[in-house]
Structures are given as structure tokens and as C-alpha cells.
Amino acid sequence: KTYHLAVLPGDGIGPEVVNEGMKVVQALSEADSSFQFESTTLEWNSEYYLKHNRMMPENGLSILENYDAIYFGAVGDPRVPEHIPIWELIMPIRKNFHQYVNLRPIKQLPGVKSPIHAKGLIDFYVYRENAEGEYSNSGGRLYQGTSDELAIQNTVITKKGVERLARYAFEYAEKTGVKKVVNATKSNAIIHSMNLWDESVKSVAASFPEIEVEDTYIDALAAHLVQRPETFDVIVASNLFGDILSDLGAALVGGLGLSPSANLNPERNYPSMFEPIHGSAPDISGKQTANPIAQIWSAALMLEHLGREDLASIVMKAIENVVNEKTALTPDLGGTARTFETGDAIVQHIHKQ
Ligand code: NAI
Ligand code: MG
């Protein structure tokens, strides 16, 4: 089978790290004739917006729909209002393609120092609800320009939306022998939406009697993740809570440069999208100092989703080797390597396996 990949490098460091990710995908297809792919690079980024006043063509989604997967860098540019790339490109893809699971592995690679002293390697998954929740455009502003100005931002939680996310997380827990799922909540203070959230998680948990579900308030959970991150395996969280917890998690295991994510449509009716959790990092772009590992790791998640766990584990082994050897690390991990040198080192390890 030939896999068709839509590649959206985006802005800033996006193209720099995506280039390394595609080098790795290319190396895999050279090493293994059973893996063939064709890729199309789509320059739907802030530059495109400045020219066309939109982030993608009018039929952008129907173009993307034909691909097996979307490999995404990051978008964001100081010349374009911050909400534009998110609401005109990322959100339409996530919502229209029903990518309701945002999977964010928080995994400490051997040799990577955590800023805190955990009693063991940190290794957990955040399952973030990705299609509704707090990131809604429902609401508005009133009395603008007066001293009575007010804003209302609605959260949309649906029973179906929470249950499908929770089911996916519990199925993973069951498959991997995880005994406890932590539910990130705040139903003591956010009484309508978060109570429906908790009830929906519980109704799914009832079909998994061998797995304990522990409701933890988001504020306490943030503290626990700093105090004893090694004790967590699976966390289910709403869109906002999951976003925050996964950046916190990323900081515990070496930073944004090492943190991948998958936006999954579990039913596979639409393409899923794979991207690092970091943004376009305008502060370091164009210098070849960005760490490409999060982007390359995201390619491993893509291969796993495409049914090539074998190739995903080759990529992961290559990443682990390069991180452990410490000879091709970028400045965020204390090294002096350029972005492409880290990519080259990972490609070399793939050819050695
Ligand atoms: P950011 O993730 O781009 O950068 C945060 C900090 O981490 C910066 O100091 C940056 O240099 C560093 N960093 C990020 N990725 C790195 C890597 N691979 N290697 C080494 N260092 C890395 O987040 P920030 O600064 O809040 O946002 C910058 C732009 O990116 C904004 O326009 C924002 O809207 C956008 N953004 C886009 C996302 C996406 O496309 N999914 C996600 C997050 C932010
Ligand atoms: Mg984020």
C-alpha cells in the first residue's frame, strides 16, 4: 500500500522541523520496500494568509480529506492576529475531521533530565478532548467601550463527546494493563459542564470494572504532577485542561522540543493529524536551533496510526539512541547541534537498525 500524506509545514520553525520529520519517513521507505508513501506539501500558513486573506483555499478541507494522514508543523506569525491560524486552519481540521482525541504522550526518555526528582521514569498519556469544551466560539461581548463591558465565553460539553473520548482512553488502559485512569475535573466550581463531564466519564468507566477511575480537581492534579509524576498512567481531560496539563507534562520530560501529539479520528472516516505540541517559536526560527525530535516523534505516532507499529518503534529506538548518546542534541537539551544534525543522526540510526 502507498500511503498518501498531506504535509503542512506551517510557519516559523514548522518547516525546519517538518523537513527533518520527512527525512525520517523517507529513510524508512528506503530501508523497507513494504513502506511506500507519496506526499504533497501544502503551504497553508501565515504567508498564504497575508496574500489571500485566508489560511487555506476554500476547498481546503475537501483537498485534505483524500489523504491517509496529515503531518503538521505549527502555525503562528507575529504579522497575523493570534486567533487566525488557530480558528481558520487548526480548529476546522480538528472539528470537521472529527479528530476528537488529542493524544499527548508524556514520556521521559532515558538520559533526559527532569527538572524535578521523580521516583522513576515519567511515562503517562494525556487524552485531551479535542472537538468541543472550552475552546468554543459560543459567546460574545457586550457594552464594549463602556465601564460595564462584559464577555461571555461558553463551554460546550456533550455526553456523546465525553463518552467517545473516555472510551478511547479506557480501551487503551485495558489493552496496556493500566489499572487507574485519572479524570481531570473541576466539578466543585464549574457545576454544569464539569458535572456532565464527570458523569459521562463514569458511565464509560462502568464498562471497565477492572479499571479504577479517580476524579481529581485540576488544581490539585497540577500539584500532583509536579510532586509524583511517575505515578500517573492515563489522564482524561477536557480541551482546556488537557492543553495545560500536557504542556506541564512536557516540561517534566525535557520540554516542548520532545513532546509529540496526535489528533485522532478513531473511526478512520477522516484523516488524523500529527503535530508536535509546540508552536512556531518565532524567537528561534530560521536559525536551525529548533529541536526536531517532537516533530519526528509525531511521525512515529502517525506510522502507528497507519498500522505500521514496526516502523514507529524503529523511529522511537533511533530517537532514544540519539538522545542517550548526547552527541547530536540541540541547545534546548544542552547541546550545540543544528536542527538538521539531529535529524541526520536519527536517520543514521534508522539505517543501522
Ligand atoms: P512555542 O511552543 O512556539 O514556543 C514556546 C517556547 O518554547 C519558545 O521559547 C520556543 O523557542 C521554545 N520551543 C518551542 N518549540 C521548540 C523546539 N522544537 N525546539 C526548541 N525550542 C522550542 O509557543 P509560543 O511562543 O506560545 O507561540 C508561538 C506561536 O506559535 C504563536 O503564534 C502561537 O499561537 C503558535 N502556536 C501554534 C501551535 C500550533 O500550531 N498547534 C501551538 C502552540 C502555539
Ligand atoms: Mg498548547
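User: Before we start, what counts as a helix or a strand here?
Analyst: Helices (H or I, at least four residues) and strands (E, at least two) are DSSP runs, numbered from the N terminus. By that rule, Ala 250 sits in helix H8, residues 239-252. This is a predicted model, where local features need pLDDT of at least 70, side-chain atom pairs count only at pLDDT 80 or more, and totals for chains, interfaces and linings use all residues. Residues are numbered from 1 along each chain as its sequence is written, while chains are lettered from A and ligands numbered from 1 in the order in which they are written.

User: OK, Ala 250 then. Buried or exposed?
Analyst: Ala 250 counts as buried, because it has 23 C-beta neighbours inside 10 Å. The cut-offs: buried if 20 or more other C-beta atoms lie within 10 Å of the residue's own, exposed if 12 or fewer, partly exposed in between, with C-beta atoms placed from the backbone.

User: Which residues is Ala 250 in contact with, leaving aside neighbours within four places in sequence?
Analyst: Ile 106, Gly 255, Leu 256, Ser 259 and Ile 277. Contact means the C-beta atoms, placed from the backbone, lie within 7 Å.

User: Switching to H4. How many residues, and what's its reach?
Analyst: H4 has 14 residues and reaches 18 Å from first C-alpha to last, close to the 20 Å expected at 1.5 Å a residue. The expected span is 1.5 Å times one less than the number of residues.

User: Where's the kink in H4?
Analyst: At Ile 90, about 35 degrees, shortly before the proline Pro 92. That bend is the angle between axes fitted to the seven residues ending there and the seven starting there. Ile 90 is also one of H4's buried residues, along with Pro 85, Leu 89, Ile 93 and Arg 94.

User: What comes after H4?
Analyst: His 98, whose phi is positive, near 45 degrees, although His 98 is not a glycine. His 98 lies in the loop between H4 and E4, and counts as partly exposed because it has 18 C-beta neighbours inside 10 Å.

User: How's the chain divided into domains?
Analyst: Domain 1 is 1-102 + 260-353 and domain 2 is 114-253; the bounds come from an automatic or database domain assignment. The contact takes 10 residues from domain 1 and 13 residues from domain 2. On the domain 1 side, helix H4 (83-96) and strand E4 (101-107) each supply at least two residues.

User: Last one: what surrounds ligand 1?
Analyst: 21 residues, the closest being Gly 76, Gly 257, His 278, Gly 279 and Asn 291. A residue is near if its C-beta atom, placed from the backbone, lies within 6 Å. By class, the shell has 11 nonpolar, 6 polar and 4 charged residues. Here Ala, Val, Leu, Ile, Met, Phe, Trp, Tyr, Cys and Pro are nonpolar, Asp, Glu, Lys and Arg charged, and the others, Gly among them, polar.

Notes
Two residues are in contact if their C-beta atoms, placed from the backbone, lie within 7 Å.
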